[in-house]
There are 2 protein chains.
Amino acid sequence: MAQKFQTLPGFRDFFPEDCAARNYIFDVWRRVARRYGFVEYEGPILEPTELYRRKSGDEIVNQLFCFEDKGERDVSMRPELTPTLARMAAARQRDFRKPLRWFAIGQFFRYEKHQKGRGREFYQFNCDILGEDSRLADAELVALAIDLMRELGFTDQDFRIRISDRNAWVEFAQKNSVAEEDITTFLQIIDKMERTAEEKTASQLEAIGLSLPQIREFLESGADASTDLQGILDDLAARGFASYLEVDLSIVRGLAYYTGPVFEIFDIGKGMRAVAGGGRYDQLLNLIGGVDLPACGFAMGDMVITDLVRETPGPDKLLTEAIEADRAIEVFVIVADPGKQAEAAGIIQRLREAGKRVHFSFGEAKVGKQFQAAEQAGAKHAVIVGSEFPEVSVKNLAARSEVKATPDTILEALDS
Amino acid sequence: MAQKFQTLPGFRDFFPEDCAARNYIFDVWRRVARRYGFVEYEGPILEPTELYRRKSGDEIVNQLFCFEDKGERDVSMRPELTPTLARMAAARQRDFRKPLRWFAIGQFFRYEKHQKGRGREFYQFNCDILGEDSRLADAELVALAIDLMRELGFTDQDFRIRISDRNAWVEFAQKNSVAEEDITTFLQIIDKMERTAEEKTASQLEAIGLSLPQIREFLESGADASTDLQGILDDLAARGFASYLEVDLSIVRGLAYYTGPVFEIFDIGKGMRAVAGGGRYDQLLNLIGGVDLPACGFAMGDMVITDLVRETPGPDKLLTEAIEADRAIEVFVIVADPGKQAEAAGIIQRLREAGKRVHFSFGEAKVGKQFQAAEQAGAKHAVIVGSEFPEVSVKNLAARSEVKATPDTILEALDS
């Protein structure tokens, strides 16, 4: 007996229904990004491993699908897009007018524990503005993120954007005489604070000359902590987005390269899952590509958002409709007289040339069987080609109505 | 100075213009396949290496990007989709009504010599009918392939489908008493004949009891060599596709798994490049997944077809228009009074919610600079928000005409 092959753990097969769901999410990502005037790009799935050693967090580097290729290069399947974007933008930034508004939809790979909402492979929407230091650019990205959620059918009852500013923390540290070399450590303490025992946080802070009450007080300051944050909030309020926003200074984001405002989308149901996140990273393009371009961006993965869509009635309905539309057939051509196979082929071709989605039965099936196949395909119409050709019947399968037509009038008959 | 990172040899960066070209090809693939009633699926990019050892030709196995993952599995970046399709279809074939009409658009990886029209990474359109042994299914695939080319703007002056039948050769071999165990060797001799010295072919044939003149005579027989081929040609003629077709029995196709009609699209310009190819493979699903499902399919890569589109004036024009459309901005919102930033933000949001593609300048640029940015973005219209707000100006940048509007009437003003 033949060996049964299996999908690797953490990797997905996309059967047609899954693929339709994936494409629906992709379409929303693409549609909203384009409305914001962004253009799509894409990089390679395989990159030199060194590209990730340079900037990604340790966690990411430890999870690389890395290997030596047949040319003895140390290569990795990409775990994220930002280093590739930095490489690409640096290589050709002179060719483009700033700011660049670029987005990408692609697949990424991390060898991590396989669990719900997290695979070893996932798709991600990446969206970045390069070459712009106005805080309006940060606001534009937050607005785009909100509109992605709204386009999927979510409301302000379903999600929030938590927004913060790393710079506010850096200024706080400087004002409180934290040594320059301790600032990265300090940001890591804040990042992990929510998941760390209080005493541990307190002693870590003490080691760099700070106290927990000081931090708590600053956390309370909200938007007052940063004029940048205030500017972003004002712009978003002008767009009508105030109800989606929440200042939460405890958000610092793990990755080392953020330099200013940062934000996360999370669901406000029981899950409190992070759905997307990003922020400003003004030094990364210099680090990777040697060009000085301020930048901000965010990413949204496909797995958590798809789970969330399926769990939320409004968004789930839109998804279900998209899946239905993906498989719906417009016309099923039925050959009622085996001698008219060639005439039917001509009609099938004609309908497809008019953009119709057309099915028919291969081989010589009985007419009843062909009608059954038409129903099973969910066809709206059947066109019956029989011995009366060039007269054909056009049947509306749902309405159970029927009209006669000729090859020249079928399209009108279908649209009536 | 920062290290300059480079793309791996044979891998591509898709800058926005390249990505727009890629997406245009994808859109054509998807549009035509859907018109034929096919549904999209996708498999993992990484698979157990054993999946390819089982059925792919030696050439493909030698070109695998294979490695051991962190879980000590022998894995490969996929070089082709058919084994994955066979695995997926076998795993869930009971859930689907036959025949399946499935297509996929994805990326593949082969470590081979990097040259024009061939990279180490490429996209491929795969299109298969599973669970159908009627030759009308083979014809349907050939028709779909022809319509892909036509949708791209090619005519019968640009390409041909060469069609053949492996079974005709198997029957020929059997009729001429070639031993059963020599038939695979025989097919390989025919496959390589065009690229092999005549004497060598003659002596190879002699070794299995055949002669070169016998083969030549059979090659001449064309469609008469096989009733299957004749059926396919008749059906395609009924669809109006006769002028695209050419019987060429020298086509056998290299891969071991084909079992019936096979075909290739090639360009008839100087290149004579193969653009796509496929055929019937009735045993593969059994071999991979242990289920008995007849199947046929074909694949088209993105690299040769994109080169061909760019070299051919009609198709190139369509591509160029698609690239233009990808970057075209509909409305550029200009803030003529810095005090009206918030009002402008509201209008931007309103236009985007109506589906318009909208740009604006971040930060406080002079009005002249903003107009310049609007022109550079190729915007059709500018909406100017100034001190007269709620009155705004809507300017058609091409026609240099201008009308006044309010936030409530901007959409009408844009469409007029």
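Predicted model: local features only at pLDDT ≥ 70, side-chain atom pairs only at ≥ 80, totals over all residues.
Residues are numbered from 1 along each chain as its sequence is written, and chains are lettered from A and ligands numbered from 1 in the order in which they are written.

Chain A has 16 helices and 16 strands, where helices (H or I, at least four residues) and strands (E, at least two) are DSSP runs numbered from the N terminus. The C-alpha trace of chain A spans about 95 × 55 × 45 Å along its principal axes. Its radius of gyration is 28 Å, whereas a compact globule of 416 residues would have one near 22 Å; the radius is taken over C-alpha atoms, and the globule rule is 2.2 Å times the number of residues to the power 0.38. Of the 416 residues in chain A, 45% are buried, a term that requires 20 or more other C-beta atoms, placed from the backbone, within 10 Å of a residue's own.

In chain B, strand S14 (residues 381-385) is mostly covered, with five of its five residues buried. The cover extends to both faces of S14(B), with His381(B), Val383(B) and Val385(B) on one side and Ala382(B) and Ile384(B) on the other. Strand S12 (residues 331-335) of chain B runs parallel to S14(B) and is joined to it by five bridges, two strands being paired if DSSP finds at least two bridges between them; within this pairing, Ile334(B) has Ile384(B) as its bridge partner. Five bridges also join S14(B) to strand S15 (residues 392-396) of chain B, in an antiparallel arrangement, and here Ala382(B) stands opposite Lys395(B). With six residues between them, S14(B) and S15(B) form a hairpin.

Back in chain A, the axes of helix H1 (residues 16-35) and helix H12 (residues 302-311) come within 11 Å and cross at roughly 105°, the axes being lines fitted to C-alpha atoms over the stretch in contact, with angles running from 0 to 180 degrees between N-to-C directions. H1(A) and H12(A) are therefore roughly perpendicular to each other, a description used for angles of 65 to 115 degrees. Ala21(A), Arg22(A) and Ile25(A) of H1(A) make the contact with Asp302(A), Ile305(A) and Thr306(A) of H12(A), contact meaning that the C-beta atoms of two residues, placed from the backbone, lie within 7 Å.

Definitions and conventions:
Buried ≥ 20, exposed ≤ 12 C-beta atoms within 10 Å, placed from the backbone. Parallel < 35°, antiparallel > 145°, perpendicular 65-115°, else oblique.
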